[in-house]
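Here is a short briefing on one protein chain. Look at the sequence and the structure before reading on.

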Amino acid sequence: MRRSRADGTGGMPKLKKVFIAHPIRGDVPDNLRRVCEICRALHTADVMPVVPYLATLAYFKDGNPKERELGINAGLEYIRSGFVDELWLYGDSITDGMWREIFAAFDACVPVVPKTEGTKKALTEANLCTCGHSSMCGC
């Protein structure tokens with residue numbers, strides 16, 4: 001019989017829950033393939049990628065504005081609720097949907113971590129440091 005700790009972890013270390021932000025529009029199948037590759041590389045005993053849009057895109061069409069909005073809002077709820085520990089940015093640029101995720105993370109005090117040169121550059125050009133705070137944070 002497996003023993004369970006009072007904190008509900010069963011003795012396991014806490015997983016870092018990381019929301020993966022990545023461009024989806026355009027070549028949706030290729031972008032989803034890239035997201036899956038990122039998740040496969042990141043998912044360890046310490047890190048759990050959180051990618052709700054992989055599920056919503058199984059039944060919603062990204063090209064349908066109403067369905068796209070429902071899917072984005074579902075993802076934003078993972079950030080707003082405090083479920084995720086960090087928001088990691090991937091891709092060559094930051095899309096409108098990713099900016100919404102970034103600002104939801106700022107509002108929820110969730111750290112934003114750019115993981116590619118393109119996302120680092122976009123944050124810098126937006127006058128945000130790569131820690132995800134305003135440029136006045138002194139990082």
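In what order do the four strands of the open sheet stand? The order is β2-β1-β3-β4, and the pairing is parallel. This is a predicted model, in which local features need pLDDT of at least 70, side-chain atom pairs count only at pLDDT 80 or more, and totals for chains, interfaces and linings use all residues. Residues are numbered from 1 along each chain as its sequence is written, and side-chain values use heavy atoms, leaving out hydrogens and water.

**Sheet**
- Strands are DSSP runs of E with at least two residues, and helices are runs of H or I with at least four, numbered from the N terminus.
- Two strands pair if DSSP finds at least two bridges between them.
- β2 and β4 (112-114) each have a single partner strand, so one side of each edge strand is left without a neighbour in the sheet.
- Four bridges join β1 to the parallel strand β3 (residues 86-89), and F19 stands opposite L87 in β3.

**Helix α2**
- P52, Y53 and T56 are buried in α2 (residues 52-59); buried means under 20% relative accessible area, with a 1.4 Å probe and protein chains only.
- These residues lie on the same side of α2 because they cover an arc of only 85° around the axis, taken from the directions from the helix axis to the C-beta atoms.

**Nonpolar core**
- A nonpolar core is a set of buried Ala, Val, Leu, Ile, Met, Phe, Trp, Tyr and Cys residues joined through side-chain atoms within 4.5 Å.
- The largest one has 32 residues, of which I20, L87 and L89 touch the most other members.
- The largest share of this core, five residues, comes from α1.

Conventions: Buried < 20%, exposed > 50% of the residue type's maximum accessible area, 1.4 Å probe, protein only.
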